[in-house]
Amino acid sequence: MQTTLLVLLIASCPAHAFTNLFSSPRASVALNAKQNAFLRDLRFKGAVAFRPVQETSYFEGSELSSDKKVRAQQLVEAAVNVAKKRDGDQKLFIQTVTEVATSLGPLFAETEEYYFAFKHMLEPEQLHQFRVPWVDDAGRTRVQRGFRVQFSSALGPYKGGLRYHPSVGVDTIKFLGFEQVFKNALTTLNLGGGKGGSDFDPKGKSEAEIMRFCQSFMTALEPYIGPNRDVPAGDIGVGGREIGYLFGQYKRLNQGRFEGVLTGKSADWGGSYVRPEATGWGCVFFAEEAMRDLKGEKIKNKRCALSGSGNVATFAAQQLLKLGAVPVTFSDSSGTIYEPEGFTAEKLDLLMEVKAIRGARLTDYAAKSPSSTYHASSRPWCVVENIDLAFPCATQNELDEQDASSLIKAGCTGVFEGANMPTTPGAVEILEAGGGVFGPAKAANAGGVAVSGLEMAQNAQMVQWTEAEVEAKLRAIMIEIYHQCADCAETYHERSALKEGANIAGFLKVAAALREQGAV
């Protein structure tokens, strides 16, 4: 009865009243042991905001250790178990939850408020799945699945890309959306986290088929988005062409309303300069600052292996060349192209013509560049013999333990993720144990969403900044992101632990917002 009355009393109080009472470390210290045990029990029964429902406590029948390291591990395991119990079949989502939770262990041990906040974040605010019918050139009706996960609006409108790829499903977009929450928090901009897309494969489709699909997809997506609610962008399979078709259909559905509902638009009609280059350039800016701060080294003359051959990889290489570095590899789903003496600006232009303009395979590049060698069904990491830095820019889990060992053997001292979660957990451990700098995706590849945020700001003001202005702002943001990560890493781990620092810095910002906004 006493517990029921207290819970009812809490429910009638403002959110800040009970979060301050039950969640503040200082308030908790002032209570005696019996009161602390009672309040902790209430927390597990759902009396405070940071408590997901329908869960049996991990701690029933057991006690939290008084040793901080052990307690941290207990709470990490408890948080991961929450995700596994609900979404155990979603392997990518569980992988990213485990990685983030492990980094947050010291915070969980410091105060359980952070543990409950993290559990709160595991559940998306909204998850939409919808049918996307479209007609192919033969007149046949086809049906794809469309998705949009709106993970967190704690810091601002949902923000995250749309991906068209056969692998897209709930697991993929939840993993990407969860990562996006913390990535966006690092940008210094007011952005929430989301992600979406479809299992539609644009490869081999005609221009007309892609247009019809995009129009149907936007018809289904439009009720859930808006310039102050959810602002999608591009991702794999969704470039400037697709954004144009999506934006056109949005206007059509809204009586011609021209507003910043999508980013990645053409600079000729509401887009921002540097948006196509932003993720690749930003990754290099992050790497440049990390190597300067942690190793006292410049990027100039560094031999760099890159995977992928899309916007992220090619524009990263473009910025590396500007800084005097030497990019030597690119890849696609068929294999790797290797230039032993490095890609020049002219060779990079040829590669971009082959991939971005003609949509051909890297074998076409190899046929036109006698200095190159092509390695079928191989990734760059096992092709290079002597390398300084690696930039995985293709897709998730593309760099595994064997690849990490090969990179260390080749002399690699830094890996910076241009793609989303391209390095497996085991590979990260090997790279960090080898003394190299590891730049995690949620920090190193945040340049794309950073310039998307800048595009939103330009749209809101109905202005357009110059390319030089946007590049300068992007560089400043990436340097600030690096120092947020390094400073948090230094506080809770060591300065070089950038993965842990990125997770902690992003999490603290979101957790503070959640606490102040109440049980939502």
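Patches are built here from residues with over 30% relative accessible area and no salt bridge, like charges being joined within 9 Å and nonpolar side chains (Val, Leu, Ile, Met, Phe, Trp, Tyr) within 5 Å. A salt bridge is a side-chain nitrogen of Lys or Arg within 4 Å of a carboxyl oxygen of Asp or Glu. The model is predicted, with pLDDT of at least 70 needed for local features and 80 or more for side-chain atom pairs, while totals for chains, interfaces and linings use all residues. Residues are numbered from 1 along each chain as its sequence is written, and side-chain values use heavy atoms, leaving out hydrogens and water.

On the surface, Glu401, Glu429, Glu432 and Glu494 gather in a patch of negative charge. Of these, Glu432 lies in helix H17 (residues 425–433), helices being DSSP runs of H or I with at least four residues, and its relative accessibility of 31% makes Glu432 partly exposed, a class between buried (under 20%) and exposed (over 50%) with a 1.4 Å probe and protein chains only.

Helix H12 (residues 278–295) has 18 residues and reaches 25 Å from its first C-alpha to its last, close to the 26 Å expected at 1.5 Å a residue. Because 13 of its 18 residues are buried, H12 is largely enclosed by the rest of the structure. Just after H12, Gly296 takes a positive phi of about 65°.

Asn397, a residue other than glycine, has a positive phi near 55° and is found in the loop between strand E10 (389–391) and helix H16 (401–409), strands being DSSP runs of E with at least two residues. Met462 also has a positive phi, near 55°, in the loop between helix H19 (447–461) and helix H20 (467–492). Asn397 is partly exposed at 26% relative accessibility, whereas Met462 is exposed, with a relative accessible area of 68%.

Methods. Accessible areas come from the Shrake-Rupley method with a 1.4 Å probe; for residues, only the protein chains shown count as cover. Lys and Arg count as positive and Asp and Glu as negative; His and the chain ends are not counted. The place of a charge is taken as NZ of Lys, CZ of Arg, CG of Asp or CD of Glu. The expected span of a helix is 1.5 Å times one less than its number of residues.
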